[in-house]
Amino acid sequence: MKEKILEFLKKEVVFEIAFILALASSIFLATQKIQIDVLHAIDWRVLAILLSLMLVVAGFQKIGFFTWCANIFCRRLSNLRSLSLVLILLCFFSSMLITNDVALITFVPFALMIINSTGNLDRAAYIIVLQTIAANLGSMLTPLGNPQNLFLFSKMNLPLGNFILILLPYTFLSLILLFASIFFIPKRNLPRNIISSSNRNRDIKGAILFPILFVLCILCVLNIVPYWIVLPVVFAATAIHSAPLLLKADYMLLLTFCGFFIFTHNIAQIPEIKTALQNAVAGHDFWISLVASQVISNVPATLLLYPFSQNTKDLLLGVDIGGLGTLIASLASLISFKIYTNSSKSDKSSLAKYLGLFTLMNVLFLIAEIALFLLLKIKK
């Protein structure tokens with residue numbers, strides 16, 4: 001039992017940090033006799049969409065969809081570098097429409113399955129890190145790409161074209177950097193067939209059900225169908241089709257999101273912090289939002305700083321570019337981190353390797369994006 005507890009604590013470090021921050025901030029509010037509103041602190045829509053997508057992706061895995069796709073990719077692409085480019089660009093472009101969270105939930109397990117099947121696990125960390133960066137930077141081009149963009153787009157009263165133009169130079173730079181990063185992946189030949197067609201799981205009902213549920217999730221992301229309809233439908237349909245799939249969702253990740261939501265909501269209730277933020281943000285929207293994103297992630301940073309911002313455009317750039325950097329700078333990064341670590345149980349050095357690569361690549365991309373920001377400011 002003791003060993004299992006220690007293993008859990010080592011595995012769920014990010015959750016523990018979120019829990020401690022949420023608890024400490026709640027205790028502080030209680031000592032100051034400030035009302036704690038946990039229910040309103042948590043973004044239930046985000047959690048509902050995440051859980052729905054986790055279940056749908058688990059369903060895709062069960063019916064062998066990713067295995068089928070892997071064979072198609074490996075037949076058409078001759079080497080690991082070209083395959084990695086496709087996997088990374090899938091995250092980059094899909095995140096513009098289905099959000100960075102959805103892109104990572106969908107394509108990181110897909111990438112790991114292919115990498116494992118082709119015997120290239122030594123490159124897994126690097127490819128997943130680039131997928132994460134691609135999803136975080138591709139998503140910043142559109143209002144649908146991530147929650148902070150959707151929130152700020154609704155407040156800025158800008159035409160869609162003008163909104164996209166603000167972020168287009170930074171998105172284009174991101175694409176160039178991603179292409180450059182690909183050249184560090186070797187041109188290893190890929191096997192023509194990963195798993196024979198005879199081993200493919202032919203679940204006709206699942207092959208019909210889970211694509212429908214996936215479309216339903218996308219409609220929820222686009223605010224066409226409410227989350228309080230989508231989650232019960234997905235949960236019930238998954239349970240009826242295969243109840244064990246309900247255990248495949250990463251509930252600890254959902255609890256980690258809850259912890260950060262509560263923490264950021266709590267600190268916004270402290271008058272001293274409110275005053276400090278008002279003084280700090282004035283005239284420094286980009287830099288304050290970028291730094292705040294490193295500590296509390298870009299979505300909560302947006303909600304926290306928007307009321308004090310005098311330059312919403314710089315705030316938008318700060319929180320979007322601020323998704324680079326630390327592991328929690330974008331909560332979407334936690335998704336790929338969790339998926340990768342869960343798939344690398346036998347490799348004790350995998351966690352340190354991933355975090356090292358993640359930090360290095362994020363810092364390099366962050367420096368480049370900041371340099372572009374400064375260059376465009378000078379030209380104006």
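## Cysteines and the disulfide count

A disulfide is taken here as a pair of cysteine sulfur atoms within 2.5 Å. In this predicted model, the sulfur of Cys258 lies 16 Å from the closest cysteine sulfur, which belongs to Cys220, and this is too far for a bond.

By the distance rule, the count for the structure comes to 0 disulfides.

## Aromatic pairs

A search of the whole structure finds 14 aromatic pairs. One of them joins Phe153 and Phe163, whose ring centres are 5.2 Å apart and whose planes stand at 75°, so the pair is classed as edge-to-face. Phe153 belongs to helix α8 (residues 147-156) and Phe163 to helix α9 (residues 160-182), so this pair ties together parts that are 10 residues apart in sequence. The two partners can also be described by their accessibility: Phe153 is partly exposed, with a relative accessible area of 24%, whereas Phe163 is buried, with a relative accessible area of 0%.

Phe286 and Phe373 form an aromatic pair that is stacked, with 3.7 Å from centre to centre and 10° between the planes. Because Phe286 lies in helix α14 (residues 285-296) and Phe373 in helix α18 (residues 350-379), the pair ties together parts that are 87 residues apart in sequence. Phe286 is buried, with a relative accessible area of 1%, and Phe373 likewise counts as buried, at 4% relative accessibility. Elsewhere, ring pairs link Phe337, Tyr340, Tyr354 and Phe358 into a cluster.

Lys338 has its place in helix α17 (residues 332-342). Is this lysine buried or exposed? Lys338 is buried, with a relative accessible area of 7%. When residues up to four places away in sequence are not counted, Lys338 touches Glu12, Asp250, Met252 and Leu253.

Ser139, by comparison of location, sits in the loop between α7 (124-138) and α8, the helix that also holds Phe153. Ser139 is buried, with a relative accessible area of 0%. Once its neighbours within four places in sequence are left aside, the residues in contact with Ser139 are Ser95, Met96, Asn100, Ala134, Gly145, Asn146 and Asn149.

Conventions
Residues numbered from 1 in each chain as written. Predicted model: local features only at pLDDT ≥ 70, side-chain atom pairs only at ≥ 80, totals over all residues. Heavy atoms only, no water. Phe/Tyr/Trp six-rings, centres within 6.5 Å; stacked < 30°, edge-to-face > 60°. Helix = DSSP H or I, 4+ residues; strand = E, 2+ residues; numbered from the N terminus. Buried < 20%, exposed > 50% of the residue type's maximum accessible area, 1.4 Å probe, protein only. Contact = heavy atoms within 4.5 Å.
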